[in-house]
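Biologist: Could you take me through the pockets and cavities of this model, with the cut-offs stated as you go?

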Amino acid sequence: MLLLTGINWSKLITTENINSAIRVIVLLGLGFPLLLFICTLVGKAVKKRFTPQASMLIQKGIFYSGSILLIISVLYQMGFKLTALLGAAGIAGIAIGFASQTSVSNIISGLFLISEKPFEVGDLIKVDDTKGNVLSIDLLSVKLRTLDNQLVRIPNESLIKNQVTNITRFPIRRFDINIGVAYKEDVSKVRTVLLDIAKNNPYCLDEPEPLVLFLNFGDSALEFLFAVWFVKTDFFKLRNSVMQEIKERFDAEGIEIPFPHLTLYTGSVTEPFPLEIVPSKAKKPKKPG
Amino acid sequence: MGALDIWNRSKIGSGEILRSQIGPLLLWFRKIEDELHIAFERLPEPDTIVDATGPSAVNGVESEGLDWGRWIVGAETNIVQVLPIMPDRPVVVHPELPVNIPTGREALFFVSIPVWVRVLIGEKKPIELCEVPVLILSNTWFGDPMSGQLCYSLRSRARRQIKDSETNPSRAVCPVKIRNNSPRQLDIERLCVHVVHLKTYSGDKNLWTNEVTITFRGDDQAGKIDYSNKRPAFEPIGEMLSEARAPIKDTILKRSIGSFRLISGM
């Protein structure tokens, strides 16, 4: 109350101040809705011509620039001297900069990410163990929507430092399956069956041609690499269908997929492992005492 | 009804069931009040089936296990039509035997391409309801893995004479003329036909598309592709059945021929 009674209201409520207040209200009341309207219009106009990332950047650029202009205009109407304000902002900027090194690092990393374009909005990327679609590339972080519909925020700095895999950058991909078959199986037959599976699967591309590579004489199996090419959008359909078809065809053709096992060698190829049946000794009852 | 009369309009009454066969594809239509139900099924061994019938009434015969789709078309709308249309992606044709064209020569091939069937309803301004491929072709990639194009794959005999080919109402014959204007022999292992730019015509015996001329000018230059606006002149041609999906007027420059050197990168 003392504070309010100390104010000289007659000096404060002048025609000039009332006009300034009206101008500020009009600026804020019309300025922000107009800015949002312009952003929406521009967004619609650039959506078809540019990538989602570019159109998002254009929209954000317009919004932030417009907001800064609006705030400067409002401050000017309120009677603030902009030169003094900018000077103070510079000093404050240095202080804030020292205090927020991580944020500044993220901002600079964000600028690098935008210029380097290792991925764009909509791409499916993998960072460490996290896999998801890029929702937005912002100044401080990149937001991902994971495949099980969670939001993950990754600071730009860690994206610059760590390895990032862009899974959907190119239109087609290769799906590699490691398969082991029993040593008794006919290698040519395995190869023919696998190529036939690829030929009849609607999601496998004819070209680039599917690949069957005899990799190794493994501990428990002959090891093959079966690699098929597919359109990036068909990943789940391809993975499910090919894996199922391999199991079904191998069962139908009598090709054994062995589990890891160990063979004990007794020192002779033909002779069986020598086993001796030892009669169990009955326990003698303990003598009392 | 002749083999190529299948593309006529048919009337369907409420409660009636029509069936149409286009090669290995069976199309079923069922009208219930203001709804039209459509189902399709594919017959086994599709390459050997050349039978075709337009939508005609079937009495009490209904294939079991059909997966019907429903369209709300209105009680008065009772005219059904099926039309052939070219596939929605380019088709990469693999000739059974590789073809070589020496420098300065040209050759005409007749490529038989399985059509898609477009179902329309209505009399004055027919409305498109759905499309279905007569034969499901496998997918393939034409060009570089980073910037190529998704296409359908088709094995073809790439006949030189049209009299050799058997009439098949589920396929459209596309005349492809290849000119070799490059200084070296052209080895064709595969050929990409951009069928989305092709119209379909009803011929005396076959379905036809407009003629395509591909001029090969060397590995380092894109091929020149011309799509003729005239009707093909290899047999008497009737009306145009369907417009191209993506009509084109000018010559386009694209890589259309895959030679051994392009595949292997030698």
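Predicted model: local features only at pLDDT ≥ 70, side-chain atom pairs only at ≥ 80, totals over all residues.

Modeller: Side-chain values use heavy atoms, without hydrogens and water, residues are numbered from 1 along each chain as its sequence is written, and chains are lettered from A and ligands numbered from 1 in the order in which they are written.

Biologist: Which element gives the most to the lining of the second largest pocket?

Modeller: A pocket is an open set of points on a 1 Å grid over the protein atoms alone, with protein on both sides within 12 Å along at least five of seven lines, and lining residues have an atom within 4 Å of a point. Strand S2 (130-137) and helix H9 (235-253) of chain A each give two or more residues to the lining of the second largest pocket, helices (H or I, at least four residues) and strands (E, at least two) being DSSP runs numbered from the N terminus. With three residues, the element that gives the most is H9(A).

Biologist: What is the volume of the largest cavity?

Modeller: A cavity is a set of grid points where a 1.4 Å probe fits but cannot get out, and its volume is the space filled by probe spheres set on the points, which are joined across faces, edges and corners. The structure holds two cavities of 30 Å³ or more. The lining of the largest cavity includes Val93(B), Phe109(B) and Leu191(B), and the volume of this largest cavity is about 50 Å³.
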